[in-house]
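Subject: Handover of a structure

Dear colleague,

I am passing on the structure below, together with an account of what was found in it. Please read the text with the coordinates open beside it.

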Amino acid sequence: MSTTIEKTSIEPDSAPSAADQPGPAPAPPRKQRWRAVLRFLRTLIVVLILLAAAVAGGTYLVRQRLAERTMVDAGTAVLAAQPITVGSPDASVVNRVVIAERDSVTAGAPLATITRTADGGGPRVQQLKAPAAGIVTEINVAPGQIARAGEPIITLYDPSQLTFRVDVPLETLRELRLQMTAYVSGPGLPGRIATTLEEVEAKVGGGGAAAPSDLLTVVLRPDPAALSTVRTLVPGLRFRAVVDTTTAAGGTPAVNSA
């Protein structure tokens with residue numbers, strides 16, 4: 001009896017097919033690509049904004065420093081008004097005053113009634129009228145009192161003629177020229193306003209002689225655009241004045257005009 005032994009062949013595992021081979025990663029969806037682009041653009045914009053802010057800030061600081069070098073501190077400016085006095089050439093008794101201080105009056109408006117004490121020509125009872133439009137600053141002689149000949153009975157001023165007056169040392173004045181722009185800031189003003197250096201006057205002492213100092217009075221006239229604000233202020237208020245020395249190039253030196 002014969003025994004047959006069958007050989008069983010063990011074949012090696014078959015090689016992986018091409019379909020099983022790992023291929024390239026699939027391309028990201030279009031939406032993901034757009035998000036990446038947008039993130040890049042946002043980052044770029046932020047960087048550009050920061051750079052622009054840095055440049056602008058540096059430019060501003062440079063301009064500020066240059067402006068400070070060209071601005072001369074003139075000192076304290078006082079708002080001044082040219083007084084308009086109303087009285088009688090003869091001694092008179094003030095009978096009645098029909099206005100009050102700070103009243104605005106028009107040219108020709110009645111101010112007071114007086115009775116002349118001298119027997120001169122013309123009616124003894126007269127009415128004083130405003131010679132020009134203005135604001136009443138003071139009633140110098142009260143009703144029932146006697147006003148001397150030529151003594152002011154009513155004082156007023158024209159608000160359109162208000163000026164700022166600054167006492168400036170001669171050394172500072174040498175840096176200034178007529179028609180330079182000066183900026184005034186202080187109480188009652190929304191910010192600084194522009195004025196023009198109009199003239200320079202010798203500072204006069206109380207006795208009428210020149211004051212024993214090197215101070216001269218600079219007169220600053222408000223620009224027309226600022227006049228509506230200035231005319232609401234009360235004469236005598238104090239402000240700070242600085243002069244822009246880059247303006248009025250070639251103008252008359254202020255020290256030579258005094």
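**Cores and the aromatic pair**

Both F164 and F239 are buried, where buried stands for under 20% relative accessible area, exposed for over 50% and partly exposed for what lies in between, using a 1.4 Å probe and protein chains only. Before going further, please note that this is a predicted model, in which local features need pLDDT of at least 70 and side-chain atom pairs count only at pLDDT 80 or more, while totals for chains, interfaces and linings use all residues. Residues are numbered from 1 along each chain as its sequence is written, and side-chain values use heavy atoms, with hydrogens and water left out.

The structure holds 1 aromatic pair, a term for rings of Phe, Tyr and Trp (its six-membered ring) whose centres lie within 6.5 Å, with planes under 30 degrees apart counted as stacked, over 60 as edge-to-face and the rest as tilted. The ring centres of F164 and F239 are 5.3 Å apart and the ring planes stand at 85 degrees, so the pair is edge-to-face. Distant parts of the chain are linked by this pair, since F164 belongs to strand β10 and F239 to strand β14, 75 residues apart; helices (H or I, at least four residues) and strands (E, at least two) are DSSP runs, numbered from the N terminus.

The largest nonpolar core has 30 residues, and F164, L173, L176, V184, V200 and L220 are those with the most contacts inside it; such a core is a set of buried Ala, Val, Leu, Ile, Met, Phe, Trp, Tyr and Cys residues joined through side-chain atoms within 4.5 Å. Two or more residues each come from β1 (71–80), β10 (163–169), β11 (181–185), β12 (193–202), β13 (215–222), α3 (224–230) and β14 (238–244), and β1 gives the most, with 4 residues. Not counting residues up to four places away in sequence, L173 touches V168, V200, L216, V218, A254 and V255, a contact being heavy atoms within 4.5 Å. There is also a second, separate core of 17 residues, which includes V94, V141, A147 and I153.

Strands β3 (residues 92–97) and β5 (residues 110–116) pair in the antiparallel sense over 5 bridges, and the bridge partner of V97 in β5 is A112. Between β3 and β8 the antiparallel pairing runs over 2 bridges, and S92 stands opposite A147 in β8.

Leaving aside neighbours within four places in sequence, V125 is in contact with T113, I114 and T115, while its C-alpha atom is separated by 9.0 Å from that of N95, 30 residues apart along the chain.

Another open sheet of 4 strands has the order β2-β9-β7-β4, again with antiparallel pairing. Its edge strands are β2 (83–87) and β4 (104–105), each of which pairs on one side only. The strand β4 is joined by 2 bridges to strand β7 (residues 134–139), and the two run antiparallel; the bridge partner of V105 in β7 is G134.

**Local backbone and side-chain features**

Most residues other than glycine have a negative phi. Q179, which is not a glycine, has a positive phi of about 75 degrees, and Q179 is found in the loop between α2 (170–173) and β11. Phi of A248 is likewise positive, near 55 degrees; A248 lies in the loop between β14 and α4 (254–257) and counts as partly exposed at 23% relative accessibility.

R192 lies over the face of Y183, at 3.9 Å from the ring centre, which meets the criterion of NZ of Lys or CZ of Arg within 6 Å of the ring centre and within 35 degrees of the ring normal.

**Chain totals**

The secondary structure of the chain comes to 4 helices and 14 strands, and 26% of its 258 residues count as buried. Among contacts with a separation of 6 or more, residues 24 or more positions apart account for 69%.

With best regards

Notes
Pairing = 2+ DSSP bridges.
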